[in-house]
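Good morning. Please look at the model on the screen while I describe how its chain is packed.

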Amino acid sequence: TEIVVGLGTCGIASGAKDTLEAIKKELEWKNIKDIKISQTGCMGYCVGEPLVEIRQGDSKVLYENIKDFKVEELLQQHLIEGNIVERWQVDEDLDFFKAQERIVLKNCGLIDPESIDDAISNGAYRGLAKAIKEMDQEDIVNEITVSKLRGRGGGGFPTGMKWKFALDSPGEKKYVVCNADEGDPGAFMDRSILEGDPHRLIEGMIIAGYAIGANYGYVYCRAEYPLAISRLRKAIKDAEDYGILGENILGSGFDFNLDIRLGAGAFVCGEETALLASLEGHRGEPKPRPPYPPQKGYKGYPTVINNVETLANIPDIIDKGRHWFKNIGTEDSPGTKVFALAGKVRNNGLVEVPMGTKLGDIVFDIGGGLINDGKFKAAQTGGPSGGCIPIEHLNVPIDYDSLKELGTIMGSGGLIVMDQQDCMVDLAKYFIDFCKDESCGKCTPCRIGTTRMLEILDKITKGEGEQKDLDLLLDMGEKVQDSSFCGLGQTAPNPVVSTARYFMDEYKAHIEDNY
Ligand code: SF4
């Protein structure tokens, strides 16, 4: 028998550490021996935290909302009297679980993220072994190119193409950098992967290093993720001890060293040139491109920068092959996408679905619909760089191109659901406020433009705006998009443009009814 407690940040925030302690004490008190107590990362069903799973042979029973005071009854009923406590049991047939397809999150919530043995027995490093034993650099880059994997950090740039540029760029040294500087409000995909299955990321980075000829890698992670950092640190150390990381990996003669660098929480450092500047110890400000990082990146050497989810896809693509990967998702956006489902949706949590899944299926089947029987109004994708999708487009397939047509972006995976109570002008104001705070100040359109846009939105939401303010807001939005230096400024007006496109009546109501 094994009792597994979800100890991701979501679980810990809900009291899972107290639950774990209560389980240990209760077992001791009841003098029950031969029970293994384990931890795991985020199981995805964050709404049910603290989650406790009792595994006995092939049987697994998942319980939700197990606060410490419920432990005594749970163990008495389940372990001693042999009864499943149905009122606390999570229904395994929930669409939340059934409608997902988990590749990146496959081991999250299953393995102990601090045990390399657990990771290996669940398939970790199989892709690396295949890459090193059976493939050369060109083979790997070609496999990733033909798989059509696109960057999961937001832009959707073809990963194989990026790797090919770096492979073909001459350089005495080359680098692989993982962008784990997740900063979108409401997004926690990268954090959960790092906390739940850090070996998957390490494996993806070693394969990337082997493919482009890099012997060094950095994970640039925001310092606000202490649990993710400590688990990743342990995983790196364990991989080194196992000869998987460091010198002469798996006896191949290939060396790859991996280190973690902490960011100080600046959203702009998610932009790759700003990230590199920060990594080099400079102020995190974007630089002009070209040269692009695969040609001239970290310290002037060819550098591949991929986000956590992109790299976490690599091991299975190599292990199972591009054909397997291309059979999932859509023609132009193969594979899956991880979303952090948040807002007014019942099943808040982390979900992974094939690309092309309809938004409505995510919100109503996986998400279980809206809380308090609310009526769906819109969903925001892409965080501060994205836009909203109104109810008339609920059936949109979630892929890079379909979202772009609606004026939003896939982004890194934040998906915030709103109901009829939510004011879309307030939403736009919230995101502009965020971008104004996060603007690095290097260029005027973004630095001043976002400040002025916020002032106008403030005026409108106080019922003091006029039509000319609205006109100025939209005109300024266009100019900030067109003339800002980097992606942060170029996309900062998107939530305003998008809400004005679909919810102009709300802007007008603020102006005409003075509220
Ligand atoms: Fe900095 Fe904004 Fe200009 Fe980007 S657009 S360089 S974040 S001021």
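Residues 24 or more positions apart account for 73% of the contacts in the chain with a separation of 6 or more; a contact means that the C-beta atoms of two residues, placed from the backbone, lie within 7 Å. This is a predicted model, in which local features need pLDDT of at least 70, side-chain atom pairs count only at pLDDT 80 or more, and totals for chains, interfaces and linings use all residues. Residues are numbered from 1 along each chain as its sequence is written.

Of the 515 residues, 53% are buried, that is, 20 or more other C-beta atoms lie within 10 Å of the residue's own, with C-beta atoms placed from the backbone.

The chain has 22 helices and 13 strands. These are DSSP runs, numbered from the N terminus: helices are H or I with at least four residues, strands E with at least two.

Consider helix α8, residues 159–168, where the buried residues are T159, G160, K162, W163, A166 and L167. They lie on the same side of α8, because they cover an arc of only 160° around the axis; the arc is that of the directions from the helix axis to the C-beta atoms. Among the elements covering them are α7 (137–147), α10 (198–212), β8 (303–307) and α13 (308–320).

Which residues touch the most other members of the largest nonpolar core? In this core of 153 residues, they are I207, A208, I362 and A379. α10 gives the most to this core, with nine residues. A nonpolar core is a set of buried Ala, Val, Leu, Ile, Met, Phe, Trp, Tyr and Cys residues joined through C-beta atoms within 7 Å.

Terms used:
Buried ≥ 20, exposed ≤ 12 C-beta atoms within 10 Å, placed from the backbone.
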